[in-house]
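Student: Before we look at anything, could you show me how to read the open spaces of a protein model, and then its surface?
Tutor: Gladly; let us open the model and take the features in turn.

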Amino acid sequence: MLCFSFSLLAAQQTDSLSIKNGIDNPNILTTHHFGIFSSRIHQSFKIKPPKNTTFSINHNSGNNFHPFVEAYLPKDPEVQKALSKVIWHNRNFTFVDQETTPANYINIVIDAVIKEFRFNINIPLAKRHELGISLRSYLITKGKHPFSFFTGDETIEWFHSNISGGEDPYGRRYYGLNQVNFKYTDRNGSTLELNNNDFFLSGIEFNHYYYPSLKINNTKNIFISFGNHLGINTSKFNPSIDFGISASGIKKITLKNNNQFNFGVGMNLLRKNIINLGDVIDLGNNKFLATIETDIEFTKYTKKRSYHAFGVNYQIQSRYSKRKETSYYKLLGKWQEINGGWQHGITTQYKALSNWSFIYTYGRPNYKLAIYLKEDFLVNNAPDFQTGLSLSIPIFK
């Protein structure tokens, strides 16, 4: 009887291990107000293709906020040189006209809770290949309670006022809580504007992953994968095609009790707008977006063929616009009325954007449920705070 119980327990542990495929990494891409119009790349931290075709639904909610700010980008090299010698908030430049003071002009204001709805299907093509197809859509909202309890303005400003950040540090209360104000004019004079309850299909993505069989899989418990990615953007603001590549590596450590630590590192490179299918908004003049991502996950298995996984993910993405322009741009905004961050709508276009995600996953053979919280500790407000929920179900066995 003792031997039978031991054998049954070992079989259950082995069966539980078989349902875990690398690091659980739901789609945690940010609801960035430029990024939602491009493909971007979801990093795979699997060690092999899934056994069965899997369908998943992802819902993300992020609070994006930037007060109205204007920027002039002088075209005259001599003016650029003179302004580069002055700290950005003390630069003296007055635009008259394009003949007298030639300059590009940009303005932006972002105030909305952006909700993403993403539908994915992942298909094992062969022993070492996988195809993922993803359809993404977005809803622009005011973020009122109770539908955006964690990401709404009221919760965030309560946190600032009572715990950390101080009273109204970026002007949400000054402009009014629970508002939608989403408008951007690019350097070509084209305007992107969204209103409350606007819903749009942003694009469809095709992701191919290859998981090579290597000696280090067995000797070092290290697994590597490569991906290539094609995105078709379908919004009226950015009808275009993107292309990218990715690579990732995972180190798996199995503990004596069969629980696991997994350490993952990934990187990807996206060429935005490799083909434009119509008139597009200038969503930053950097043609490439590069991302580096790390993930640490601890997994505890149960005796009931399930597991609990706790992960911490860090992402850093390259800037949307060319950094050299920061040496001479002139910014205008309500710096006296706002306690801080009045310039972020422009300045964050020229900075690498980073964020931390804290992920919990409950997995069973017939479904997997993940929830996560995302925070940018450098406070770029794009988004300030984001939450997400993902449900994955195998549909063909």
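Tutor: We begin with residue classes: Ala, Val, Leu, Ile, Met, Phe, Trp, Tyr, Cys and Pro count as nonpolar, Asp, Glu, Lys and Arg as charged, and the others, Gly among them, as polar. With those classes, the lining of the second largest pocket divides into eight nonpolar, four polar and three charged residues. Please keep in mind that this is a predicted model, in which local features need pLDDT of at least 70 and side-chain atom pairs count only at pLDDT 80 or more, while totals for chains, interfaces and linings use all residues. Residues are numbered from 1 along each chain as its sequence is written, and side-chain values use heavy atoms, with hydrogens and water left out.

Student: What volume does the second largest pocket have, and which residues lie closest to its centre?
Tutor: Rolling a probe the size of a water molecule over the atoms shows where empty space is left. On a 1 Å grid over the protein atoms alone, a pocket is an open set of points with protein on both sides within 12 Å along at least five of seven lines, a cavity is a set where a 1.4 Å probe fits but cannot get out, and lining residues have an atom within 4 Å of a point. Grid points are joined across faces, edges and corners, and a volume is the space filled by probe spheres set on the points. Here the second largest pocket has a volume of about 340 Å³, and of the 15 residues that line it, Phe 159, His 160, Glu 375, Asp 384 and Phe 385 are the closest to its centre.

Student: How many cavities of 30 Å³ or more are there, and which residues lie nearest the centre of the largest cavity?
Tutor: The count comes to three cavities of 30 Å³ or more. The largest cavity, with a volume of about 250 Å³, is lined by 23 residues, of which Thr 30, Arg 40, Gln 315, Gln 317 and Asn 355 lie nearest its centre. By class, that lining has nine nonpolar, nine polar and five charged residues.

Student: What is the volume of the largest pocket?
Tutor: The largest pocket has a volume of about 990 Å³, and among its 48 lining residues, Lys 46, Pro 50, Thr 54, Lys 368 and Ser 392 lie nearest the centre. Its lining has 15 nonpolar, 21 polar and 12 charged residues.
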